[in-house]
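Here is a short briefing for a first look. Keep the sequence and the 3D view open as you read.

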Amino acid sequence: MPTQEDARTVARFIHALSGGAEVRRKAAARELAWRDPLDSNELVGHLIALSRAGWGLASCALSDFMAALAQEAEHIPHVESLRRLAHVQSLDTVADLFAQGPAKLEMDADAAARADANAFSQSLGHLKQQARLTRDPDTLSRLATVSNPTVLRNVLINPRLTEELVVRIAARRPARPEPLIEIWKSPRWSVRHAIRRALVFNPYLPPETGAKIVPLLNTADLRELVSNAALHPALRAQASRLLAEGHGAGPALGLAPASRIPGPRGHD
């Protein structure tokens with residue numbers, strides 16, 4: 001079983017990788033994939049505990065592991081057994097990461113499609129191109145309201161997009177889950193605290209996604225989440241357990257890149 005010191009070594013290695021969020025996410029997925037599932041759960045549990053204790057490198061690495069669980073599941077052979085085994089291991093904060101079921105509130109897909117059709121007469125291809133290339137902030141703001149996730153995916157890579165607008169998209173209600181999930185998948189925007197917070201506090205976000213964002217919030221956010229009856233019970237229970245996990249300041253933001261060091265498996 002990995003120790004807390006092993007988790008520290010992994011966190012340092014992941015944080016030191018160059019190449020951006022995708023490289024770190026895939027490295028985290030490999031760490032989970034080569035280990036026995038029991039060991040994978042122990043590793044994630046240690047990272048959660050270290051993050052809650054206020055160790056910044058663990059918070060950064062935990063973000064990559066959450067992204068790996070959400071986006072690299074097909075490359076983690078035993079991912080389906082992690083939740084079951086986490087319960088067997090009494091690792092409640094790890095089991096919480098695998099919440100399932102519908103969002104607290106849901107927007108009908110047909111109603112969303114009708115709203116899009118009423119607001120935009122252009123073809124889907126035109127909307128996607130415009131979302132990616134427009135220089136007009138008003139046009140960009142209008143396109144950000146489209147419920148089709150492929151349009152929003154292009155909005156999210158527009159160089160003129162601002163954090164303020166992404167927060168507004170993440171907090172928009174009612175909302176379909178697909179655009180909210182696209183924001184969480186965005187390596188450019190999902191690392192922003194304000195955007196993570198807006199997503200988690202949106203009752204239209206599925207708990208499967210929200211459960212992987214909750215451990216990345218700070219203590220004040222977790223307390224507010226616990227007291228907010230409008231949000232999914234599973235996420236509120238998860239926040240409560242994380243508050244009990246430690247009394248640190250929670251995830252640290254804005255760490256400078258570290259120099260590269262040898263990886264936990266002897267790789268650089």
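Does Asp 96 count as buried or exposed? Asp 96 counts as buried because its relative accessibility is 13%; buried means under 20% relative accessible area, exposed over 50% and partly exposed in between, with a 1.4 Å probe and protein chains only. This is a predicted model, in which local features need pLDDT of at least 70, side-chain atom pairs count only at pLDDT 80 or more, and totals for chains, interfaces and linings use all residues. Residues are numbered from 1 along each chain as its sequence is written, and side-chain values use heavy atoms, with hydrogens and water left out.

**Helix 1 and helix 4**

- Helix 1 covers residues 4-16 and helix 4 covers residues 56-71; helices are DSSP runs of H or I with at least four residues, numbered from the N terminus.
- The axes of these two helices come within 8 Å and cross at roughly 75°. Axes are lines fitted to C-alpha atoms, for helices over the stretch in contact, and angles run from 0 to 180 degrees between N-to-C directions.
- On the helix 1 side, Val 10, Ala 11, Arg 12, Ile 14 and His 15 take part in the contact. Their partners in helix 4 are Leu 57, Ala 58, Cys 60, Ala 61, Asp 64 and Phe 65. Contact means heavy atoms within 4.5 Å.
- The residues of this contact divide into eight nonpolar, one polar and two charged. Ala, Val, Leu, Ile, Met, Phe, Trp, Tyr, Cys and Pro count as nonpolar, Asp, Glu, Lys and Arg as charged, and the others, Gly among them, as polar.
- Buried residues of helix 1 include Ala 7, Phe 13 and Ala 16. The buried residues of helix 1 pack against helix 2 (21-34), helix 3 (37-52) and helix 4.

**The nonpolar core**

- The largest nonpolar core has 74 residues. Such a core is a set of buried Ala, Val, Leu, Ile, Met, Phe, Trp, Tyr and Cys residues joined through side-chain atoms within 4.5 Å.
- Helix 4 gives the most to this core, with eight residues.
- Phe 65, Met 66, Leu 69, Ile 183 and Leu 199 have the most contacts inside the core.
- Ile 183 touches Leu 199, and its other partners include Leu 152, Val 166 and Ile 195, leaving aside residues up to four places away in sequence.

**Buried polar and charged residues**

- Asp 96 sits in the loop between helix 6 (92-95) and helix 7 (109-119). Beyond residues up to four places away in sequence, Asp 96 touches Ala 211, Gln 238 and Arg 241.
- Ser 63 is in helix 4 and counts as buried, at 12% relative accessibility. Beyond residues up to four places away in sequence, Ser 63 touches Arg 196 and Leu 216.

**Loop details**

- Arg 160 lies between helix 10 (149-155) and helix 11 (163-171). It counts as partly exposed, at 42% relative accessibility.
- The C-alpha atoms of Arg 160 and Arg 135 are separated by 6.7 Å, with the two residues 25 apart along the chain.
- The peptide bond from Arg 173 to Pro 174 is cis, with omega near -5°. Pro 174 is in the loop between helix 11 and helix 12 (177-185).
- Ser 90 has a positive phi near 60°. Ser 90 is exposed, with a relative accessible area of 57%.
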